[in-house]
Amino acid sequence: MLKYFTEEELQCPSAKIVKLADGFGQKLDDLREMLDRPMTLTSACRTSSHIDSLLERGYPASKNSFHLIDNPKYGTDTCAVDVSVPDSEYRKELISVALQEGWTVGVAKSFIHIDKRVDYTDLPQIVYIY
């Protein structure tokens, strides 16, 4: 499927489905190539029922998430992933490369959310914290 990421890493944990927005997999591989370091995904594709399950358990998920397969609000498939962050140096490098390449970045304590909303919607690139 992709050069750096397996189907298992990308699939919804509940439904075992992979459905990426057109070209998103290549953009993700390109980012990984530029970073020149492994990227451990903690989340990629999500169904709406998986998002509901996360919300019920208190996780900061959004019903309009760019992780969402068949996102009705934006008309996209998955165009976001969360990446595990082992240390501050990795966090800095990932954020720097992602921003340079037009990715939106969400910063959490143990992971970085990255998405390509700018390529699939009319929304601007942003940086936010959880």
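## The nonpolar core

A nonpolar core is a set of buried Ala, Val, Leu, Ile, Met, Phe, Trp, Tyr and Cys residues joined through side-chain atoms within 4.5 Å. In this predicted model, the largest such core has 30 residues, and Leu28, Met39 and Ile114 touch the most other members. Two or more residues come from each of helix H2 (24–35), strand E2 (80–84), helix H4 (88–100), strand E3 (104–107) and strand E4 (111–115). The top contributor is H4, with 5 residues.

Let's look at Ile114 in detail. Leaving aside residues up to four places away in sequence, Ile114 touches a list of residues including Leu28, Leu31, Met39, Cys79, Val83, Trp103 and Val105.

## The sheet and its helices

Five strands form an open sheet with mixed pairing, in the order E1-E2-E4-E3-E5. Strands E1 (41–43) and E5 (127–129) stand at the edges; each has a single partner strand, so one side of each lacks a neighbour in the sheet. On average, neighbouring strands are turned by 30° against each other, direction ignored.

E2 and E4 pair in the antiparallel sense over 5 bridges, and Val83 stands opposite Ile112 in E4. Two helices pack on this sheet: H2 touches E1, E2 and E4, its direction making about 30° with that of E2, while H4 touches E2, E3, E4 and E5 and makes about 155° with the direction of E3.

## The cysteines

How many disulfides does the structure hold? There are 0. For Cys45, the nearest cysteine sulfur is that of Cys12, 7.7 Å away. The sulfur of Cys79 has its closest cysteine sulfur in Cys45, 10 Å away, which is too far for a bond. Cys45 is buried, at 0% relative accessible area, and Cys79 is buried at 0% as well.

Methods: Residues numbered from 1 in each chain as written. Predicted model: local features only at pLDDT ≥ 70, side-chain atom pairs only at ≥ 80, totals over all residues. Heavy atoms only, no water. Buried < 20%, exposed > 50% of the residue type's maximum accessible area, 1.4 Å probe, protein only. Helix = DSSP H or I, 4+ residues; strand = E, 2+ residues; numbered from the N terminus. Contact = heavy atoms within 4.5 Å. Disulfide = S-S within 2.5 Å. Pairing = 2+ DSSP bridges. Axes fitted to C-alpha atoms, helices over the stretch in contact; angles between N-to-C directions.
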